[in-house]
Amino acid sequence: MFIPTTLQEAEERGWKSLDIILISGDTYYDTSYNGSAVIGHWLIDNGYKVGIIPQPKEEDIGKLGVPNLFWSVSAGCVDSMVANRTPTGKIRNDDDFTPGGINNRRPDRATISYTNMIKKFCKDRPIVLGGIEASLRRIAHYDVWSDSVRRSILFDAKADYITYGMAEFSNLALADSLRDGDDPSQIRGICYISKEMKEGYIELPSYEECSGDMEKFASAYREFYHNCDPITAKGLCQKHGNRYLVQNPPQRDPTTGELDRIYSLDYENRVHPSFLKDGRVKAADTVKNSITTHRGCYGGCNYCAIAVHQGRRVISRSEDSIVKEIEKFSKKNGFNGIIYDLGGPTANMYGIECKKKMEKGACEDKQCLFPEVCRSLHVDHTAQMRLLKRARNVPGVRKVFVTSGIRYDMVLADADHKIDYVDAIVKNHVSGQLKVAPEHSSDRVLAIMGKPGKDQLLDFKDMFDDSNAEFGKKQFLTYYLMAAHPGCTQRDMDELGRFCRSKLKTNPEQVQIFTPTPSTVSTMMYCTGRTMDGGELFVERTDSGKQAQKDAVIKRGDGHERR
C-alpha cells in the first residue's frame, strides 16, 4: 500500500492526522530502493502515521498539514548537487528520478531548500534531516561546486537532527523519544547541535580550522572516517562558531531477521499513479523486478561513499526472504519472467563476511580486500551460488541476472569455487554483458583508489572468456573507468587507453570523470592534495585537464584517438 500523499489517502487509512511527514527530492517510487519509502513503511509498520510529499514546491509543503512529531527531509537517493551538476559544474538536463526525466524539480542543496520551505510554513515541529546528502555532509566537508569547506549541513539548514546512515533504527528511536517526551540526545545514529562539548567524545578540529588549514581538515576527516563502525566508534564533536555539532556513535547493524523484515514491508514496487502524468520515471525502470540481497560493502574503494553511509559490514538477507520476494514478483500480472538484478552494492559479497569483524568491528589499520584479500574473510561463493539456483528455479521465472557488478579479486581468492562460480554466472546470469569496475590500469593509481591491480582483471577476463567459449556464449565484460582521480596524470590516462585497446580488446564509450562527493577518502585527497597517510600527490583541478584525461581513452567518431 502506498504511503499517503494526500489527506484523503490518509483518511482512507483512518488517520485524522500524521505523526511524521517525509519530504523527498525524488518522485514517489514505492520500492525498497527508495530510502524515503523504506523509512516511511518502517515507521508505519511500527505504529506511526506517516505521509510523504515528493519534490515539493513551496506551495506543496502544507498539503498534509502539520505533523504531530517531526518533519523528515531527504534530498533523495542522490546528493542534489551530484544530481543537478556534472563533475565540471555544468547543469544536467536530465534527472532519472523525476517524471518525464527533465531536471526541473530538484533544487540545488535540496535539503537546505526544503528545510527553509518548512520553516516558512511551520516553526514549532522538529526537522530531521536524512538520506545520503545529509548523511555525508554531517560534519565540515569539502564541496567541489563551491570549492570550499562547508559547515555541517545541520547548521546551514538550521534543522534539529540528522539521522545518518541507513537510519531505520535511529528514526524509530527518535520517533519514540519525541512521542514520549524523552531526551533524544543519547540515541545512536543521530547528530544534533549543542552549546557544549559532550563528555567522553572526541573533539575534531573546528569548522573554522578545517576551512582555513588543509592539515586540520585532513585530521578531522581521518578521525571521522575511523569512527564509522557501530562496534568501535566513539562519539564526535566539532565546533562551529560558539556551538558544537554532536555526532553520536552509529546505530547497530540490523540482524538478518530484521533486514528480512525491512525488505518484506508492504511496497507497491511502482511509481505512485498521481506522479506519472508528466511521464515515466527512468530510475523506476532501472530497478524494475530487481531485488536487494544484502547491505554494506567492505570493498574499500576510496572514491565510494558506501563505507561511510551503509557501513563496511555486509549484512545478508536470508535465502527464504529473497525467494519469497521473487515469488511475489512472479505472481504479479504482467511479470515477464525476468529478475533484472539479484544483488547489492557488490553482488558477490552475499553471505561472505569476516567473523572477527562481526564480533570486534572493522580493523582500523587494514582493509578487507586491499592490497590483497584478507585471509580472515574466508571468501566462499557457495551461498550466492545456492541462492541463484533457488532463484532461477522459482516457477514463472525465466532468467535471473546479476547486473549490480562483482568483485573479481574476490572471485580469484575463492580457490575452491572460482571456476564453478564463473561458469554459473556465465551460463545462467549474464544478460550479454557483465559489469566490472577496474577503473584504471595504472597500479600506482589503482593503489591510490584502493583497487586491485590490473593483472587480477586480466586473470578474471581469461576465466570469463574461457567459460563463454565452453558454453558457446558470446558475452562481454563492460568496464567502469575513471579519469582525473587524485594521483592520476595525463600519461596515466594515455596508458589506460592503450591498455583498453591492446589488452581488453575494447574501445570504451564511457569514462567517468571523478566527482569529489562529500566525505569520501578520495574527496579528502582532492581537497588537500595528500593521501590518508599524508603523502603528496598530483590532483588535476582544471576542467580542461579533466576532459583531456577522459578524451585520452574515448575514441572520436572517426575511430581515431582524441588528442
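Which helix supplies the largest share of the lining of the largest cavity? The largest share, three residues, comes from helix H7. The model described here is predicted, and local features were taken at pLDDT of at least 70, side-chain atom pairs only at pLDDT 80 or more, and totals for chains, interfaces and linings from all residues. Residues are numbered from 1 along each chain as its sequence is written, and side-chain values use heavy atoms, with hydrogens and water left out.

Helices (H or I, at least four residues) and strands (E, at least two) are DSSP runs, numbered from the N terminus. Helix H7 comprises the 13 residues 168-180. The expected span of a helix is 1.5 Å times one less than its number of residues. For H7 this gives 18 Å, and the end C-alpha atoms are 18 Å apart, which agrees. Residues of H7 that are buried include Glu168, Phe169, Leu172 and Ala175; here buried means under 20% relative accessible area, exposed over 50%, and partly exposed in between (1.4 Å probe, protein chains only). After H7 comes Gly181, with a positive phi near 75 degrees.

Empty space within the model was examined next. Rolling a probe the size of a water molecule over the atoms shows where empty space is left. On a 1 Å grid over the protein atoms alone, a cavity is a set of points where a 1.4 Å probe fits but cannot get out, whereas a pocket is an open set with protein on both sides within 12 Å along at least five of seven lines; lining residues have an atom within 4 Å of a point. Grid points are joined across faces, edges and corners, and a volume is the space filled by probe spheres set on the points. Four cavities of 30 Å³ or more are present, and the largest cavity has a volume of about 320 Å³. Its lining is made up of 24 residues, with Met166, Gln251, Asp253, His309 and Gln310 nearest the centre. H7 and H12 each contribute at least two residues to this lining. The lining of the largest cavity divides into 10 nonpolar, eight polar and six charged residues, where Ala, Val, Leu, Ile, Met, Phe, Trp, Tyr, Cys and Pro count as nonpolar, Asp, Glu, Lys and Arg as charged, and the others, Gly among them, as polar.

The second largest pocket has a volume of about 650 Å³. It is lined by 31 residues, and those nearest its centre are Tyr225, His226, Arg312, Glu364 and Gln367. At least two lining residues come from each of helix H9 (214-225), helix H12 (306-309), helix H18 (443-449) and helix H21 (521-528). By class, 14 residues of this lining are nonpolar, nine are polar and eight are charged.

Several strands are paired, a term that requires at least two bridges found by DSSP between two strands. Strand S3 (residues 50-54) is largely enclosed by the rest of the structure, because five of its five residues are buried. Val50, Ile52 and Pro54 point one way from S3, and Gly51 and Ile53 point the other way. Strand S1 (residues 20-24) runs parallel to S3 and is joined to it by five bridges, with Ile21 partnered by Gly51. In strand S5 (residues 127-130), Ile127 and Leu129 point one way, Val128 and Gly130 the other, and all are buried. S5 pairs in the parallel sense with strand S4 (residues 70-74) over four bridges and with strand S8 (residues 161-163) over two bridges. Val128 is the bridge partner of Ser72 and also stands opposite Tyr161 in S8.

A further open sheet has three strands in the order S20-S21-S22, with parallel pairing. Strands S20 (433-439) and S22 (512-513) stand at its edges with a single partner strand each, so one side of each is left without a neighbour in the sheet. S20 is joined by five bridges to strand S21 (residues 476-483), and Glu439 stands opposite Leu481.

The cysteines were considered last. A disulfide is a covalent bond between the sulfur atoms of two cysteines. With a cut-off of 2.5 Å between cysteine sulfur atoms, zero disulfides are found in the whole structure. Cys500, buried at 0% relative accessibility, has its closest cysteine sulfur in Cys488, 12 Å away and too far for a bond. For Cys527, buried at 11% relative accessibility, the closest cysteine sulfur is in Cys210, at 9.3 Å, which is also too far for a bond.
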